[in-house]
Amino acid sequence: AVQTTIRVVCTDGMAFNLLPSLMAKFRLHHPSVNFTLTVGTARQVPDLFRHGDCDLAIKFSLAPESGVEVLASFPSPVLVFLKADHPLANRDIELADLNAWPVVLPDQSATIRQLFDLSCRMNNVFIDPVFTCNHFSTLYQFVRRTPNAVSVSSHYSIFYCARQDNMTIKSVNRDQLSQRTLQLQTEMGKPRSAIPNTFFTFIK
């Protein structure tokens, strides 16, 4: 059988759990498809997308971008994740509540960190994270091993693993934290063959 390669670029949170799970599922039904997944920061992904030979970009977006066709867009508010037995797990959370606990954050290159910092400034909340890292999988493991730690994520990033790892995902009552979408993007005007189209539809 002829193998078809689908080339995808994405940001770190998406590569942690959601995309490998979806790609593995897709290949069960389409074994002639290979995937190449390249992971970059929110700033790197558009460049990788424009200069690489790439079929699909999956990224969080804060504003419209030029030269891309958005195949699908999903609301992606900033959420807090913590262990299910955390004292905050069963109540409404405000930003200021996080101060009492070890906060774990992605670095400034992540859109989620930019929104989180903006929201803190606008609400006069100062949070000094105990751990900062540019790799989501590392943050996630740190939260799992730190008593009462709290971190931020979109629900897409930990969709499949939160329940099995006994994590709870909570919203924070702040408008600024909802100004973000998850987008499936492709190159404007690029002709697409049937197989990538099947994958785009499957992901949606």
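**Exercise 1.** Find which residues of helix H2 meet which residues of helix H7, and classify them.

*Solution.* In this predicted model, local features need pLDDT of at least 70, side-chain atom pairs count only at pLDDT 80 or more, and totals for chains, interfaces and linings use all residues. Residues are numbered from 1 along each chain as its sequence is written, and side-chain values use heavy atoms, with hydrogens and water left out. Helices are DSSP runs of H or I with at least four residues, numbered from the N terminus. With contact taken as heavy atoms within 4.5 Å, Leu19, Leu22, Met23, Lys25 and Phe26 of H2 meet Ile195, Thr198, Phe199, Phe202 and Ile203 of H7. These residues comprise eight nonpolar, one polar and one charged, where Ala, Val, Leu, Ile, Met, Phe, Trp, Tyr, Cys and Pro count as nonpolar, Asp, Glu, Lys and Arg as charged, and the others, Gly among them, as polar.

**Exercise 2.** Describe how the axes of H2 and H7 cross.

*Solution.* The axes, which are lines fitted to C-alpha atoms over the stretch in contact, with angles running from 0 to 180 degrees between N-to-C directions, come within 11 Å for H2 (residues 18-29) and H7 (residues 194-203), and cross at roughly 125°. H2 and H7 are therefore oblique to each other, since angles under 35 degrees count as roughly parallel, over 145 as roughly antiparallel, 65 to 115 as roughly perpendicular and the rest as oblique. The crossing of H2 past H7 is right-handed, that is, the near helix is turned clockwise from the far one by less than a right angle.

Definitions and conventions:
Helix = DSSP H or I, 4+ residues; strand = E, 2+ residues; numbered from the N terminus.
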